[in-house]
Amino acid sequence: MKVLLCTFLLIQSVFLQAEDGHNLWLRAKSSSPVNVICSKKSATIDIARQELQQGWLGKAEASVVLTVKPDKTIKGDGFKLTLNGVQANNDLGILYGVYELLRRQHTGEPVKEMICNPSYEARVLDHWDNPDGSIERGYAGRSIFWRKGENSLVVTDNDKILWKEYARANSSVGINGAVLNNVNASPLMLSKEYLGRVKAIAEILRQYGIKTYLSIKFSSPSLIGGLKTSDPLSPEVIKWWKDKVQEIYSMIPDFGGFLVKASSEGQPGPQDYGRTHADGANMMADALKPFGGIVMWRAFVYSPDDPDRAKQAYAEFMPLDGQFRDNVIIQVKNGPVDFQPREPFSPLFGAMKKTSVMPELQITQEYLGQSIHLVFLGAMWEECLKSDTYQDGPGSTVARCTDGSIYAQKHTAIAGVSNIGLDTNWCGHPFAQANWYAFGRLAWDNKLTSEQIADEWIKLTFYESPSGNTGSADFSADWTGNFLNPVKKMMLESREATVNYMMPLGLHHIFAGDHHYGPGPWYAPKGLRSDWTPPYYHKADTIGIGFDRTSTGSNAVSQYHEPLNSQFSDLKTCPEIYLLWFHHLPWDYKLQNGRTLWDEICYHYDTGVKQVREFQKVWDKVQPYVDQERFALVQRKLRSQSKNAQVWKDACLLYFQKFSRKPIPYELERPVNDLNDLIKNDMRRP
Ligand code: GCW
């Protein structure tokens, strides 16, 4: 009987619709007829109408009324769901309302009267795409916007189809902005030729409510403008930017503004001319102001000579608080170092009280297994957004410090570094799509839980509604119990698993080389900046391990508002997840569970490996519920992830053991790799 059932289930999975993943969470579903009533006509309203006709799962022949009518309780492009339709202040609000309505039908959530307002005004994807089509830290193929070669700027029908699909996916989760090029920006992007293509992209994105933005190179006036300087206070430079901005707006009237990486990692910036970040940002803000544009100015700065990289953004930007124009937003990475698997929140959140600040998250998994490891980042972002900064008393979470709830910000925004490329499934890993989805959902509503987001995403991405099904989606107990729940559990555990096998207990930045994929706690080639080498961060020696950021060390703790400063400083209260971020501790330091630090490190690495092995089981077991194509791809990637987790564990434990000189607890699985081989091979992406 059991054999029969298994055979049946396996056959069933073969017959599940082939799925290459291109349709993301917007897979065509059977729908029932619906009457859409709307007195307004526009490209965006037409899309809303079409989406309803394509995806309606409510009562057949029901009427849905779309009403554009000002309402003070609705903010910006928010909307009101009513029992018979959607009301909004503008067309985009209608479209978002329609997506919400359909999402509720497709995920089995009740459709009820409610107002939905976005947490942030600008919800932006940052693409680190270069003009030649390569993508910095991109792991899912080349750029969808740029390519190299002859005719690279000619806009083809295929380009337009892809940009439209991209826009639709973004809009369906509330993303309303896209920075089209890398923050390590090429000045080319501001040339007439490239702006022509930006205009063509903007025309497609606009219908879906997405504004285009560009990253700019600070020295553009000298590089392409023929000026002798790019000093932000020089009148000719000011004029150059004014003219350039005017030119852009004459082509793209709803252009969003600039994203700027300046005086950072070798990029030119105001400091090259003895000016401050505020001087640079304000000059651009003034040029953009008449057109309603904004400047997203990054706070990702650190210099090679400082003993603690984690302190520098705060040290450099805090003295400038209050000096920025109201259309400048300081873009701050979630953690003080650099998108590590786990960091405490950046102390700049909530601290800059007279300046708009926006979080920058990284959707592309530069430091979290790229497009090979299954890691659901919703959990990580939720942790950051819900962190209490205490800057305006208890409850001053990162979310509330950046969304305008606490400080009067003229503009609010959040950005995510995109993980998409030309791969058929956009993101390389089918589960990496969940991170794009999660970013959009959190940008819209920063109070959502990662649990809810994962639940929605799985239903939208994997559920096959029986054909002819009408009415709201109805998930069987079988599907829920045997697919949804185990897969959701796996997703929700996946980030902690990665922390366990890569960098537990507050360890950070122990990657080999610049690829940021495999382990390299030993990695320190002669002549390389020490802050680009792992020993700078883990500081392992025969006494212990960890970065002392208390008052006896770099005192980075002092950048956190009380009670955090004391809490992080005191070993009795410092959360164990941040232990080695803030403290250098002896190998035999006793943790709360009675284990020594060394043993605990071993246990974490071992647990991480076991967790991924468990994910493999979970996935193999859900085979009957997934189409062959996605099943096989995820299965293959999980195998690589398992092998990689083992390498991480072996590399870190065997290397740190040279300092701890203690045995790996005997009840744990032994390493299977040889440290010398690992060092020689310097693990890169398989
Ligand atoms: O995380 C680091 C990356 C760089 C990136 C930089 C940044 C775009 O390794 O590739 O450059 O951060 O955020 O500017």
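**Helix packing and the ligand shell**

Modeller: Helix α14 (residues 477-502) packs with helix α19 (residues 628-660) at an angle of about 40 degrees, their axes lying 8 Å apart; helices here are DSSP runs of H or I with at least four residues, numbered from the N terminus, and axes are lines fitted to C-alpha atoms over the stretch in contact, with angles running from 0 to 180 degrees between N-to-C directions. From α14, T498, Y501 and M502 meet Q641, A645, W648, K649 and C652 of α19, where contact means heavy atoms within 4.5 Å. By class, this contact has 5 nonpolar, 2 polar and 1 charged residues, with Ala, Val, Leu, Ile, Met, Phe, Trp, Tyr, Cys and Pro counted as nonpolar, Asp, Glu, Lys and Arg as charged, and the others, Gly among them, as polar.

The model is predicted, so local features need pLDDT of at least 70 and side-chain atom pairs count only at pLDDT 80 or more, while totals for chains, interfaces and linings use all residues. Residues are numbered from 1 along each chain as its sequence is written, and side-chain values use heavy atoms, leaving out hydrogens and water.

Turning to the ligand, its shell has 4 nonpolar, 3 polar and 8 charged residues. Oxygen atoms of the ligand are 2.6 Å from a side-chain N or O atom of K261, 2.9 Å from one of R137 and 2.6 Å from one of D338. Taken alone, the ligand exposes 340 Å², of which the protein buries 97% (Shrake-Rupley method, 1.4 Å probe).

Notes
A polar contact is a pair of N or O atoms within 3.5 Å; within protein, one must be able to donate a hydrogen and the other to accept it, and residues adjacent in sequence count only if both atoms are side-chain atoms. Helices (H or I, at least four residues) and strands (E, at least two) are DSSP runs, numbered from the N terminus.
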